[in-house]
Amino acid sequence: MKIVHIITGLNVGGAELSLYRLLKSSQIHREKAIVVSLTNFGEVGKLLDSIGVKVYHLNIAGFFSALYAIGKLTSLLRSKQASVVQTWMYHADLIGGLAAKMAGVKKVYWGIRCTDIPIGSPGTKLIMQVCAKLSYFIPTKIVCVANSAKESHIRNGYCASKLVVIPNGVLVLDKAYLRGESDDLKYNFRKNNRRIIGCVGRYNPDNGQDILIE
């Protein structure tokens, strides 16, 4: 069985690192999987390569290159005899879903990684609306990271019966692993009875750091 993960890009981000952790956690999964980035190879592509995962990147940079990439991706899925396609985020859901359908892949799983459309992204909103209509025909199931994401996408027209929730996992590390250069800083804060609050996620308005502070 060959599993193909299709993702919008492989720069450092939550979805990209989740994919890396998923593949790193299972040698059997790594041996059966390949990763296709619609855009660049990125830093996470290097990480995937370092653990033996085959990574392809299509360098999509606009509408016409996206059309070309659908054909190229369809050929790749056929040549690899993909049994399962899992896509990550809206652009990959759309392009990867269409390519998988054209390649005759029977098991297609979309991935929704956010509750609402990213702020200031009209193009992404349009793609999400197209995906909502295609959700009744292309994916076998649609995996959401949270109940709020599932509910939001049902309201936006997604096929409710196909939406399932698999929450993000957080790897809890041993305390010894966490010791590093910041230990002195942490000690000084705690010595003065000050609290440290952490936020897991890159600094971006969509991640709601303002809500954390409030």
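**A walk through the sheet, its helices and a pocket**

Hi everyone, let's start with the sheet: 7 strands make up an open sheet with parallel pairing, and their order is S3-S2-S1-S4-S5-S6-S7. At the edges sit strand S3, residues 54-57, and strand S7, residues 163-165, each of which pairs on one side only. From one strand to the next, the twist averages 25°. Please keep in mind that this is a predicted model.

As a bit of background, the strands of a sheet pair through backbone hydrogen bonds, in either a parallel or an antiparallel way.

Now let's look at some of the pairs. S1 and S2 pair in the parallel sense over 5 bridges. If you find Ile 7, its bridge partner in S2 is Ser 37. Ser 37 also has a bridge partner in S3, namely His 57. S2 and S3 run parallel and are joined by 4 bridges. Further along, strand S4, residues 84-88, runs parallel to strand S5, residues 107-112, with 3 bridges joining them. There, Val 84 has Lys 107 as its bridge partner in S5.

Let's stay with S2 for a moment. Why is S2 largely enclosed by the rest of the structure? Well, 5 of its 5 residues are buried, so the rest of the structure largely encloses S2. You can see this on both faces: Ala 33, Val 35 and Ser 37 are buried on one side, while Ile 34 and Val 36 are buried on the other.

Next, the helices. Helix H1, residues 14-24, lies across strand S1 (3-7), strand S2 (33-37) and S4, and runs at about 160° to S1. Helix H5, residues 90-103, lies across S1, S4 and S5, running at about 155° to S4.

How many residues line the second largest pocket, and which lie nearest its centre? There are 18 lining residues, and those nearest the centre are Ser 18, Arg 21, Leu 22, Trp 88 and Gly 169. H1, S4 and S5 are the elements that each give two or more residues to this lining. The largest share comes from H1, with 5 residues. By type, the lining of the second largest pocket divides into 9 nonpolar, 6 polar and 3 charged residues.

Technical notes:
Residues numbered from 1 in each chain as written. Predicted model: local features only at pLDDT ≥ 70, side-chain atom pairs only at ≥ 80, totals over all residues. Heavy atoms only, no water. Pairing = 2+ DSSP bridges. Axes fitted to C-alpha atoms, helices over the stretch in contact; angles between N-to-C directions. Contact = heavy atoms within 4.5 Å. 1 Å grid on protein atoms, 1.4 Å probe; cavity = no way out; pocket = protein on both sides within 12 Å on 5 of 7 lines; lining within 4 Å. Nonpolar A, V, L, I, M, F, W, Y, C, P; charged D, E, K, R; others polar. Buried < 20%, exposed > 50% of the residue type's maximum accessible area, 1.4 Å probe, protein only.
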